[in-house]
Amino acid sequence: MRDILPQDEAFWDAVEEKARELSRAFGYGYIATPILEHRSLFSRAVGESTDIAQKEMYSFKDQGGDNLSLRPEGTAAVARAYINHGMVNLPQPVKLWYLGPFFRRERPQSGRYRQFHQWGLEIFGDPHPVLDAEIISIAMSLFKDLELPVNLEVNSLGCTTCRVPYREALVHFYQPKQELLCEPCKVRIKTNPMRLLDCKEAQCELLREGAPQFPDMLCDGCREHFMKVLEYLDDVGVSYNLNPHIVRGLDYYTRTTFEIFPAKLPEKVPDNSQGEAQPQAVETGA
């Protein structure tokens, strides 16, 4: 975890203000949920077999014996608020945004904190693919407004209908290679095989190259939905790369998924006219 110091204020405010401007411009209403929720809310939503539920949530029992957790992500709590406050009776879709601290006991690594801040957009009550494309384009607009060069990669995780045969195909592919997997992936092949594609260990990245790709196994409805999302992104001029290895380990994820990566800036050609080498550009991230 870390402190936010006075010298960080201008940068912090700039990012927050851009997020607010974009959220309001696209008709999203602000929502703030409690930092503490019942643990069962997150374990049901993200799945008991996920890394979040098994080892990343900060959970404890309070004085009254309630099992509570610091929120590890935003969607489950916002969905709970949507139901609790009868938003299903409002004109649909209901579009909400939030910004605040979240907590995961991540393995310490560069760029990751156990208390982190997240800007989120949620849409309830309408599964239209144009809304998937809208959220992606808003996210890309944030980086554009902040002048941060990034690359977008997209994939589809299908639905509960086509996910079952895909998981079976993954297990069939990986079982003969099981001994070559890292230790966490030897567990994932039994509990959450789609996470095998997301592993960052070198040997697992090599093994996944021949793995079945989800876009090849989408049902007709999911395939049409994904193609529409890509068409809408094309229409608004958002560039993207297809990446069949983008997965999500949370149980509630279906269909469109995406990640935004920092783009490498081109290196500057050294100018030795003054006898000194010019500094090279560095990779930028957020």
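In which loop is Pro93 found? In this predicted model, Pro93 is found in the loop between helix H4 (75–84) and strand S5. The peptide bond that joins Gln92 and Pro93 is cis, with an omega of about 0°.

Helix H1 covers residues 9–25, 17 residues in total. From its first C-alpha to its last, H1 reaches 24 Å, close to the 24 Å expected at 1.5 Å a residue. The residues Glu16, Ala19, Leu22 and Ser23 of H1 are buried. They cover an arc of only 130° around the axis, which puts them on the same side of H1. An α-helix has 3.6 residues a turn, so residues three or four places apart point the same way. The face of H1 turned away from the buried side carries Ala10, Arg24 and Ala25, which are exposed. The cover over the buried residues of H1 includes strand S5 (94–103), strand S6 (115–124) and helix H5 (129–145). Just after H1, Gly27 takes a positive phi of about 85°.

Helix H5 also has 17 residues, and at 1.5 Å a residue these should span 24 Å; the end C-alpha atoms of H5 are 24 Å apart, which agrees. Twelve of the 17 residues of H5 are buried, so H5 is largely enclosed by the rest of the structure. Among them are Pro129, Leu131, Glu134, Ser137, Met140 and Phe143. The elements that cover the buried residues of H5 include H1, S5, S6, S7, helix H9 (220–235) and S9.

H5 is followed by Glu147, a residue in the loop between H5 and S7. Glu147 is not a glycine, although its phi is positive, at about 60°. A residue counts as exposed when its relative accessible area is over 50%; Glu147, at 69%, therefore counts as exposed. Arg255 is another residue that is not a glycine but has a positive phi, here about 55°. Arg255 lies in the loop between strand S8 (241–242) and strand S9 (256–262). With a relative accessible area of 24%, Arg255 is partly exposed.

H5 and strand S7 (150–156) are the elements that give two or more residues to the lining. The largest share, five residues, comes from H5. By type, the lining residues divide into eight nonpolar, five polar and two charged.

Tyr174 belongs to helix H6 (residues 160–174). Is this residue buried or exposed? Tyr174 has a relative accessible area of 1% and is buried, since buried means under 20%. Apart from its neighbours within four places in sequence, Tyr174 is in contact with Leu181, Ile189, Leu196, Leu197, Leu207, Arg208 and Ala211. One of these residues, Arg208, is 34 residues from Tyr174 along the chain, and the C-alpha atoms of the two are separated by 8.6 Å.

Key. Residues are numbered from 1 along each chain as its sequence is written. This is a predicted model: local features need pLDDT of at least 70, side-chain atom pairs count only at pLDDT 80 or more; totals for chains, interfaces and linings use all residues. Side-chain values use heavy atoms; hydrogens and water are left out. Helices (H or I, at least four residues) and strands (E, at least two) are DSSP runs, numbered from the N terminus. Buried means under 20% relative accessible area, exposed over 50%, partly exposed in between (1.4 Å probe, protein chains only). Contact means heavy atoms within 4.5 Å. The expected span of a helix is 1.5 Å times one less than its number of residues. The arc is that of the directions from the helix axis to the C-beta atoms. Ala, Val, Leu, Ile, Met, Phe, Trp, Tyr, Cys and Pro count as nonpolar, Asp, Glu, Lys and Arg as charged, and the others, Gly among them, as polar.
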